[in-house]
Amino acid sequence: MATLNSNVPPGPLAEKWSNHKFNNKLVNPANKRKYEVIVVGAGLAGASAAASLSELGYRVKCIVFHDSPRRAHSIAAQGGINAAKNYQNDGDSVYRLFYDTIKGGDYRAREANVHRLAEVSANIIDQCVAQGVPFAREYGGLLANRSFGGAQVSRTFYARGQTGQQLLLGAYSALSKQVGAGAVELVTQHEMVDLVVIDGHAKGVITRDLVTGEFHRHSGDAVVLATGGYGNVFNLSTYARGSNATAIWRAYKRGACFANPCYTQIHPTCIPVSGDYQSKLTLMSESLRNDGRIWVPKNASDCKKNPNDIPEEDRDYYLERIYPSFGNLAPRDVSSRAAMRMCDEGRGVGESGLGVYLDFADAIQRYGHQAAARANLTNPPAEQILALGEAAVRERYGNLFDIYKEITDEDAYKQPMRIYPAVHYTMGGLWVDYNLMSNLPGLFVLGEANFSDHGANRLGASALMQGLSDGYFVLPNTINGYLAGQKPNNKPSTDAPEFVEAEERSADVVRRLMSVKGKEPVNHYHKRLGLIMWKRCGMARTREGLQKGIEEIQALREEFWAGVNVPGSAENMNQALERANRVADFMELGELMCRDALAREESCGGHFREEYQYPDGECLRDDEKFAHVAAWEYQGEGVEPLRNVEPLDYEFVKMSMRSYK
Amino acid sequence: MAADTHSTTTPRKNISVTLQIWRQAAADKPGHFVEYKATNCNPNMSFLEMLDVVNDDLEKRGEDPIAFAHDCREGICGTCSLVIDGKPHGPHEGIASCQTYMRSFEDGAVITVEPYRAKPFPVIKDLITDRSAFDKIQQAGGFISIRTGAAQDANALPIPKQDADLAMDAAACIGCGACVAACKNAAAMLFVSAKVSQFALLPQGQPERDTRVLNMVAKMDELGFGNCTNQYECSAACPKLISHDFIGRMNRDYIAATFRAACKDKPAASTGGA
């Protein structure tokens, strides 16, 4: 059984991080160059870690599967990044950001980690501005802020609707500086396919060159995984198509515990699926719910009608009806589940019946009348009101309406948008302690790939904060504690038997995939896995459904290994093989997600078990039995994994029912 | 994009198209066009999803699928890089290949799909090219030399909103390389000038302003990118509509930096750069 010591330092909450930095062992500057750190991934967490570690003097090798370290999916984050700067003088503080994040996570995150995140948040903004990240500014030249869900202060910094892109390019520029100076070795188009563990310590990785198909052995003194989330288990999600779980999954199979795999965040406002050919889903910013009204027809028979022909009395504005105090701004998980229920009742709209309307007609009228009044127009014709209102809505949300039109070919100024929930983040990930080190010594896990800071639900604009906090400020101050205990200039030889065995194992998976030569393409299985996951382990889960889900996944996995057809050769670029290798891992991870959801007999944040809810549909937590992290430990092929538990002791915050009413 | 051109309730009919796709097994192998049919395509399908379906069919039959680069499929990662009917990123302005939809094509259309054709971007396989030259240009100077942890308070340095906004216009570049593919000289001026201008517009970028532009331009030339002849095919093909005005801005910076470098006492060289 794995030992799960959180290694949270003692002392008052606000002093833990400073004390820990002081008490942690240091590596002297002349010795740093005698250690090599392997960083896998170059999103926000990986790029910031690789750059910062190399600035400190460590030798760093950064490995990415993309053709360039500027492509990771951090780049697609739109909204912003939180930081407790209190530039708006609206009562924000480190403690408030800490408290909002803990509460937002439905009391399932580790207090000390979250407090540290809030502490370093302000440094992130300083760092990024110094790098030349062009954040939005006010006319006086100072930084602008906006507000986001789950907070009552304006603490979100942003760069148009492309905050993730600008922050990633900032980290990429820092990494490029170090690569240019010869301080970081950059390895692109290599996929990590195994972790090498020697005497219980992570000491290297095996990669497959995606261009030549060759396997490579990389040896180091420590391994850092910053490989992102695993939402593509669902096939359809807002993730990039290449986002995958192979690095963390293969580390799990080498002994790293996987914590809270069932915690997935499903975002309520995405563009619905339009057909079975679909490859990904696109988010429509949550900000639209400030002005849009969500509804479905009262009568299932109206669902295929033109929405503009459905009279007011036949519409059900269900969020306003069920949650009168929050209305259309009900929390993400609640809104998502309500939409699902409407569709289950047969009242969903669009071709597939999986969609609800987000209607701006009222907002256009309201803004139109306001604009007419400002312009002193008496009795303006209806068309003029409409034009003025549309202009006002365009000013606020024009780019989103454009994206919507591009994808659906529908004009949301003239008819309501259709939206539906979609998977877009995973809170679970590899288990790490306060130092971001997994239970395997020498293996560090950063960003979305770890489980550490968001509990059972992540607040908007907090993913970017965590990725950069881990990479710029946390890891560079914790990895020394581990490396100081390792002999300098002592990284293992790549001829060690552990490297040979790991390479052989990875090559064997590839050989097996290539040799099936069945009848169906990889996507066929990925789509079916996604449907099972969505149905059984999606927005609402039940004991029975999860049990069925596990059986269905096991059966599908057998079909996959008997029926997949991976054409071409394994000795050059083969995108079908890349996909097959990833989907093989998703098939195993999906089962673990179901197991975790089944074992967690409560509802919390993004994990909703229908058996455990308040009469109004809110999550019913069971703090007595489940105020803990579930960290799953691999026991071998075909053997049930072990569920280890790390208790969550709430020393500073009182656990209470999470209510936004 | 005009959002109010039409409203829609009538679903459009599915279409079938013929594809002429460049297939090339590897950089050192000869390539040629191969014809494929994509039948019964929903007009709301993206161009890449249409290729997915064609590939699924190839895989089913045990044939090597068409290799093409893609990732985020929402126009921001810069991975996708198709030349569709002779235009980098296809028929529409201001979008990436992944944001092109089948409704842009007529039923029965014959569509040519090629990789970028530019010497500094060699073909890896089929429609995928090696764009690592862009990373090398960035490594030569596309950064501000600041160490993690050394930054002052973010608001200690007020920046006029219009400068920050203009810097953001330049910073919106997604590094896809369409500008190079569209240019008959395979020039990377739009790409390089966007990064040079972003930093030149900000106070943080001033200490290394001269060395940055000199080093990045030198690296760009060394890697075999051509010269600019001011026809601006680059900005027309750019999925983020980055303005060619930035090229003029970079040229001014470059000339000034060249003169200053010639006049300056030697030890003033910056640590920035490779």
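**Exercise 1. Describe how helix 3 of chain A and helix 6 of chain A pack in this predicted model.**

Solution. Step one concerns geometry: the axes of helix 3 and helix 6 of chain A are 8 Å apart, and the two helices pack at an angle of about 35°. Step three identifies the residues. Helix 3 of chain A contributes Leu44(A), Ala47(A), Ser48(A), Ala50(A), Ala51(A), Ser54(A) and Glu55(A). From helix 6 of chain A come Leu167(A), Leu168(A), Ala171(A), Tyr172(A), Ala174(A), Leu175(A) and Gln178(A). Step four sorts the residues of this contact by class, giving 10 nonpolar, 3 polar and 1 charged.

**Exercise 2. Determine which helix of chain A gives the most to the side of chain A that touches chain B.**

Solution. Begin with the extent of the contact, which takes 78 residues from chain A and 72 residues from chain B. Next, list the helices of chain A that each supply at least two residues to this side: helix 3 (44-56), helix 5 (111-131), helix 6 (163-180), helix 11 (382-408), helix 15 (522-537) and helix 17 (575-599). Helix 6 of chain A gives the most, with 9 residues. Finally, the side of chain A that touches chain B has, by class, 27 nonpolar, 30 polar and 21 charged residues.

**Exercise 3. Is Ala118(A) buried or exposed? Describe its surroundings.**

Solution. First, locate the residue: Ala118(A) belongs to helix 5 of chain A. Second, apply the cut-off. A residue is buried if 20 or more other C-beta atoms lie within 10 Å of its own. Ala118(A) has 25 other C-beta atoms within 10 Å and is therefore buried. Third, setting aside neighbours within four places in sequence, Ala118(A) is in contact with Ala84(A), Val94(A), Leu97(A), Phe98(A) and Thr101(A). As a further reference point, 24 Å separate the C-alpha atoms of Ala118(A) and Asp623(A), which are 505 residues apart along the chain.

**Exercise 4. Characterise chain B and the contact between its two domains.**

Solution. Consider the whole chain before its parts. Chain B has 8 helices and 7 strands, and its C-alpha atoms fill a box of roughly 65 × 50 × 40 Å along the principal axes. Of the 274 residues in chain B, 53% are buried. Among contacts in chain B between residues at least 6 apart in sequence, 71% join residues at least 24 apart.

The assignment divides chain B into domain 1 (15-125) and domain 2 (132-144 + 158-268). Their centres, taken over C-alpha atoms, are separated by 30 Å. Across the boundary, 18 residues of domain 1 of chain B are in contact with 16 residues of domain 2 of chain B. The domain 1 side of this contact has 10 nonpolar, 5 polar and 3 charged residues.

Note on methods. Residues numbered from 1 in each chain as written. Chains lettered and ligands numbered in written order. Predicted model: local features only at pLDDT ≥ 70, side-chain atom pairs only at ≥ 80, totals over all residues. Contact = placed C-beta atoms within 7 Å. Helix = DSSP H or I, 4+ residues; strand = E, 2+ residues; numbered from the N terminus. Nonpolar A, V, L, I, M, F, W, Y, C, P; charged D, E, K, R; others polar. Axes fitted to C-alpha atoms, helices over the stretch in contact; angles between N-to-C directions. Buried ≥ 20, exposed ≤ 12 C-beta atoms within 10 Å, placed from the backbone. Domains from an automatic or database assignment.
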